[in-house]
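Colleague: Please show me the structure, and let us then discuss it by question and answer.

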Amino acid sequence: MDIKKAADGTVDEIELSEDLQDLTVDDSHSATQTANGKKRKNHRGGQKKKQKNSQKSSKEAIQASEGDAPVQLYEVRATASKGLGVFATCAIPRGTRIMCEPALLYIEHANLQFMHVLFYRLSPGDQAKFLSLHAHFLKGEKAGMEKVLRAFKAADPILFAPPIEDQLRILAVVKSNGCKTNCGVAVPYDLGRINHSCLPNVYHVWNNVVERATVHAVQDIAAGQELLTTYNRAYEPREQRQSYLLQRWGFRCDCQACNPSSMFGKASDKRRKRLLEISEFSEVTQSSIIHKSRGQER
């Protein structure tokens, strides 16, 4: 994940499920119930009971997660093709805060060039977790960073004693997983394990008030379902999204919205292009209003 902004834009085309009430027909005209009727009633009653129990257990898990002994609503495990991912351990209703995670490594603006020093202050276990996160440089970026680090090393061989390759790895992890904060960059671990989709079911942000990374469900999530967020602006067309993902993280998205041959993919791209036009028009209009107001103040 890239150094994430607090708000990347509107989340488009998220399928939000609604609660459906179980409608039953009351046979009031019948004086007696047949055996089949009783079976249907019992079957419906069983379904309702299971549904209530499922909702109850899910609700209890959510409530417990907000108490003194938090219940983990997610787990990190292997995916079929994308390495590790984050999965729901129970049914999670839309709007639920799933994650509220402190930074594994926090780097203030003044200490950005010394991030390797802060890294080596972590415990061996946390260092291993940090280095296991995705690390990717932009094309040609690594060579430029290496040149800078070698200059630092020449100026202060003691402070920049660790091997250049190790320092580059630390920098790449920060660039790929860091969250912008008011005072610097934060690198949470679990948040970095949430994979991308252009049709996300969660929304992530670094909350400067509580100084933690928070993740909320933007649709109902079933137990065992993978949590997916978006790494880019949701309203960009497919080609722009794919180009950005490939350059920034080194992969292409294969979600339903990125399938150019499907009806859904084509319709999705058309809607997103329109959203981009609206967004650009809004930015131009807002800029014009600010310019005029400043001119009037003079």
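Colleague: Which residues does T181 touch, not counting residues up to four places away in sequence?

Modeller: This is a predicted model, in which local features need pLDDT of at least 70, side-chain atom pairs count only at pLDDT 80 or more, and totals for chains, interfaces and linings use all residues. Residues are numbered from 1 along each chain as its sequence is written, and side-chain values use heavy atoms, leaving out hydrogens and water. Contact means heavy atoms within 4.5 Å. By that rule, the residues touched by T181 are Y106, H109, A186, W206 and N208.

Colleague: Is T181 buried or exposed?

Modeller: Buried means under 20% relative accessible area, exposed over 50%, and partly exposed in between (1.4 Å probe, protein chains only). The relative accessible area of T181 is 11%, so T181 is buried.

Colleague: Which residue's side chain is joined to that of T181 by a polar contact of 2.9 Å?

Modeller: A polar contact is a pair of N or O atoms within 3.5 Å; within protein, one must be able to donate a hydrogen and the other to accept it, and residues adjacent in sequence count only if both atoms are side-chain atoms. The side chain of T181 also reaches the backbone nitrogen of G184 at 2.8 Å. The side-chain partner at 2.9 Å is Y106.

Colleague: How many of the 14 residues of α5 are buried?

Modeller: Helices (H or I, at least four residues) are DSSP runs, numbered from the N terminus. Helix α5 covers residues 164–177, and its buried residues include I164, L168 and N177. The helix is largely enclosed by the rest of the structure, because the number of buried residues is 11 of the 14.

Conventions: Helix = DSSP H or I, 4+ residues; strand = E, 2+ residues; numbered from the N terminus. Expected span 1.5 Å × (residues − 1).
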